[in-house]
Amino acid sequence: QVQLVESGGGLVQAGASLTVSCVASGRTFSRNVMGWFRQAPGKEREFVAAIGWNGGSIFYADSVKGRFTISRDNAKNTVYLQMTSLKPEDTAVYYCAAALKYTYVVRVHTRAAGYDYWGQGTQVTVSS
């Protein structure tokens, strides 16, 4: 059974940093694109970042560019999202996802439909 399990969320103040992690089990995703999305209350799920199989292709949403960093450790089947200079508008449930098509990031990976597996999410709350 394939599982993606996020962890590391929490409550932080504006300006703080936080790193969330996603561990995959049940199969390896070392040759697949991994992504992070988020969903705030009353809003649609939105793309945050995606990373290709070896980190050679990375793409960020404009809203997080320069503040968030996505990375991966294929030996640990884990993907990370390092978040700095957090803002109240970053408050959301953060989801990781794995895509079976392509090994490098392409346009479809900026949409939820481009992914095949999803985690249950981890809550990140940024207070002002």
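These entries record what I looked up in the structure.

I am working on a predicted model, where local features need pLDDT of at least 70, side-chain atom pairs count only at pLDDT 80 or more, and totals for chains, interfaces and linings use all residues. Residues are numbered from 1 along each chain as its sequence is written, and side-chain values use heavy atoms, with hydrogens and water left out.

**Glu6.** I found Glu6 in strand β1, residues 3–7 (strands are DSSP runs of E, at least two residues, numbered from the N terminus). Glu6 is buried (under 20% relative accessible area, 1.4 Å probe, protein chains only). I looked for a salt bridge (a side-chain nitrogen of Lys or Arg within 4 Å of a carboxyl oxygen of Asp or Glu). Glu6 has none; Arg45, the nearest side chain of opposite charge, is 7.4 Å away. I then checked backbone nitrogens. For Gly121, the distance to a polar atom of the Glu6 side chain is 2.8 Å.

**Core.** I turned to the largest nonpolar core, which has 36 residues (buried Ala, Val, Leu, Ile, Met, Phe, Trp, Tyr and Cys joined through side-chain atoms within 4.5 Å). Trp36, Leu81, Met83 and Tyr94 have the most contacts inside it. Elements giving two or more residues include β3 (18–25), β4 (33–39) and β9 (92–99). β9 gives the largest share, six residues.

**Positive phi.** I noted Asn77, not a glycine, with phi near 55°. Asn77 sits in the loop between β7 and β8 and counts as buried at 17% relative accessibility. Ser85, also not a glycine, has phi of about 45°. I placed Ser85 in the loop between β8 and β9.

Conventions:
Helices (H or I, at least four residues) and strands (E, at least two) are DSSP runs, numbered from the N terminus. Buried means under 20% relative accessible area, exposed over 50%, partly exposed in between (1.4 Å probe, protein chains only). Lys and Arg count as positive and Asp and Glu as negative; His and the chain ends are not counted. A polar contact is a pair of N or O atoms within 3.5 Å; within protein, one must be able to donate a hydrogen and the other to accept it, and residues adjacent in sequence count only if both atoms are side-chain atoms.
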